[in-house]
Amino acid sequence: MRRSTVVTPAPGRHRPRTLLAAGTASAVAAATMVGLTLGLAPSASAGEFLVNGGFESGALGPWSCSAGTGSVVTGQAHSGSYALAGAASAGDSARCAQTVTVAPNTTYTLSAHLKGSYVYLGVDGGASTWTPGTGGAYQKLSVGFTTGATQTSATVYTHGWYGQGTYYADDVSLDGPGAPSPTATPTVTPTVTPTVTPTVTPTVTPTVTPTVTPTVTPTTPPGSKALVGYLHASFANGAGYTRMADVPDSWDFVNLSFGEPTSVTSGDIRFNRCPVTECPTVESDADFKAAIAAKRAKGKKVLISIGGQNGQVQLTTTAARDAFVSSVSAIIDKWGLDGLDIDFEGHSLSLQTGDTDFKNPTSPVIVNLISAIRTLKAKYGPNFVLTMAPETFFVQLGYQYYGSGPWGGQDPRAGAYLPVIHALRDDLTLLHVQDYNSGSIMGLDNQYHSMGGADFHVAMTDMLLKGFPVAGNTTNLFPALPASKVAIGMPATTNAGNGYVAPAEVNKALDCLTKLTNCGGYVPKAGAQPGLRGLMTWSINWDQFGGREFSKNFDSYFRR
């Protein structure tokens, strides 16, 4: 989840880090994807729908790229003189898109020549494909899709992946029947990514009151529905600061964002409240603590969330493990909290070569994290609340890829949350995967699903409720989680994260998962799961900024 500093940006990860988060399909070393058309033949009498697909105008228009990431360059062309350069960074995948008019119930083929590691080509709400993790030369990729019965426009895109560097695209083409005249100007949907300004966590040790085991109210009954939100408590961005006392009672879990380490491998976690210079309306420590106590008196859970986009945590040693336990305990005790949310992103978790069994992990960062959390659970007892907010890259991608793979070469972070979830499943209160800022992920139907509609949430959540073979090995199954321990992570607004869907799509996903009604192209393999726990969002602040659309819709759906 990442922090954004402008008011009208598109998404950031769980900071909105929005909810980052890591390269969802950056682990895909799938050379077999190159040139793949997903089972849809191009239509006869095809014509060209895209404008400036070869970038030979020497300018981007009518393509629109996330702010400052796209440019047209020479010296990198596949043909002609120009190509698109997308400057993917740790905080931006450099998405460039063009929206065109299409006909309903019609088959189209999108193709492009792409150069770079993990470069995506796709259509919003539909199929996508990507290059493998070796980006030395141009590769031609293509995907097919068929428009819906009432669909009249489509947005096609290309993007790189977080931290993978600049990619190049050229000769992008959308073929189909009845192409518009060359003078037609497509409608362009801008995609704007906020400027990310990290808040630096001071390494000064805060004054901590003597350690006292907090009085913990009973855990919410598993059968009840829960709304989980992240509260920007240590930084400000375009959503504005929300005082703890002003958090609406709709929120059952309030995750204070974020506790971050003094250094990546120290294990020493600090929670520093937003300073007055950054958050002019911030309350005093005494008022903040009193408001937490008031929330807990109402049965709400208030947790410290560790990590986020900027808070990389690698417990590489037992000393770091012990520092993690000690420092997190101090935060919980100082503020009187109910427990801990693990929001490890980026490079916090990875699997060493040879660590191939999620049930018996050997990588120190995994083993030490599991040990640290078990120690905290033992210290605070059965009412200690534990939640996790991994990205799809670290969970559902494990259906295809796990770690560096049996022969090496894959991203070692692929599926790296699975051993943590599995080891702690009995202690886990809630798992809410971030279904946003994600690349396309293969579901249990062996089809790729992309953000933008109910089907993505249904497919991703069904994998948790049904279980799945890890890395395709049917003898190595990740067991299903109880529905009472699963919530769906979504962005609260278009500003909060890539993958926002309107309330109607949220409700379609909930109908399909809990009742097997209103399903679209994906029908859950796990069957109806009425016990699904609820929803998580990045963030409470963005929901307030957006007029509480997300929380009001949750209340209307579950509490009407």
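This is a predicted model: local features need pLDDT of at least 70, side-chain atom pairs count only at pLDDT 80 or more; totals for chains, interfaces and linings use all residues.
Residues are numbered from 1 along each chain as its sequence is written, and side-chain values use heavy atoms, with hydrogens and water left out.

**Close-up 1. A disulfide joins cysteine 65 and cysteine 96.** A disulfide here is a pair of cysteine sulfur atoms within 2.5 Å, and by this rule the count comes to 3. The sulfur atoms of cysteine 65 and cysteine 96 are 2.0 Å apart. The torsion about their S-S bond is about 110°, so this disulfide is right-handed. The link connects distant parts of the chain: cysteine 65 sits in strand β2 (residues 64-65) and cysteine 96 in strand β5, 31 residues apart. Strands (E, at least two residues) and helices (H or I, at least four) are DSSP runs, numbered from the N terminus. Both cysteine 65 and cysteine 96 are buried; buried means under 20% relative accessible area, exposed means over 50%, and partly exposed is in between (1.4 Å probe, protein chains only).

**Close-up 2. Cysteine 274 is joined to cysteine 279 by a disulfide.** Look for the two sulfur atoms, which lie 1.9 Å from each other. With 75° about the S-S bond, the link of cysteine 274 and cysteine 279 is right-handed. Cysteine 274 is buried, at a relative accessible area of 4%, and cysteine 279 is buried too, at 1%.

**Close-up 3. Cysteine 512 and cysteine 519 form a disulfide.** Here the S to S distance is 2.1 Å. The bond between cysteine 512 and cysteine 519 is right-handed, with 100° about S-S. Are its two ends buried or partly exposed? Cysteine 512 is buried, with 1% relative accessibility, whereas cysteine 519, at 26%, counts as partly exposed.

**Close-up 4. Aspartate 124 and arginine 95 meet in a salt bridge.** Side chains of opposite charge can pair when their charged atoms come close. A salt bridge is counted when a side-chain nitrogen of Lys or Arg is within 4 Å of a carboxyl oxygen of Asp or Glu, and the structure holds 14 of them. In the pair of aspartate 124 and arginine 95, the closest N and O atoms are 2.3 Å apart. The partners come from distant parts of the chain, 29 residues apart: aspartate 124 belongs to the loop between β7 (120-123) and β8 (128-130), and arginine 95 to the loop between β4 (82-87) and β5 (96-101). Aspartate 124 is partly exposed at 40% relative accessibility, while arginine 95 is buried at 15%.

**Close-up 5. Aspartate 249 forms a salt bridge with lysine 295.** The closest N and O atoms of aspartate 249 and lysine 295 are 3.3 Å apart. Aspartate 249 lies in the loop between β12 (226-232) and β13 (253-261) and lysine 295 in helix α1 (residues 285-297), so this pair ties together parts that are 46 residues apart in sequence. Aspartate 249 has 38% relative accessibility and counts as partly exposed, but lysine 295 is buried, with a relative accessible area of 6%.

**Close-up 6. Aspartate 285 and arginine 273 join through a salt bridge.** Their side chains meet at 2.8 Å, N to O. Aspartate 285 is in helix α1 and arginine 273 in the loop between β14 (269-270) and α1, so the pair ties together parts that are 12 residues apart in sequence. Aspartate 285 is partly exposed at 41% relative accessibility, and arginine 273 is buried at 14%.

**Close-up 7. Proline 419 is found in helix α4 (residues 418-423).** At 0% relative accessibility, proline 419 counts as buried. Which residues does proline 419 touch, not counting those up to four places away in sequence? They are Leu351, Phe358, Pro361, Ile366, Ile370 and Tyr402, where contact means heavy atoms within 4.5 Å. The C-alpha atoms of proline 419 and proline 361 are separated by 6.4 Å, although these residues are 58 apart along the chain.
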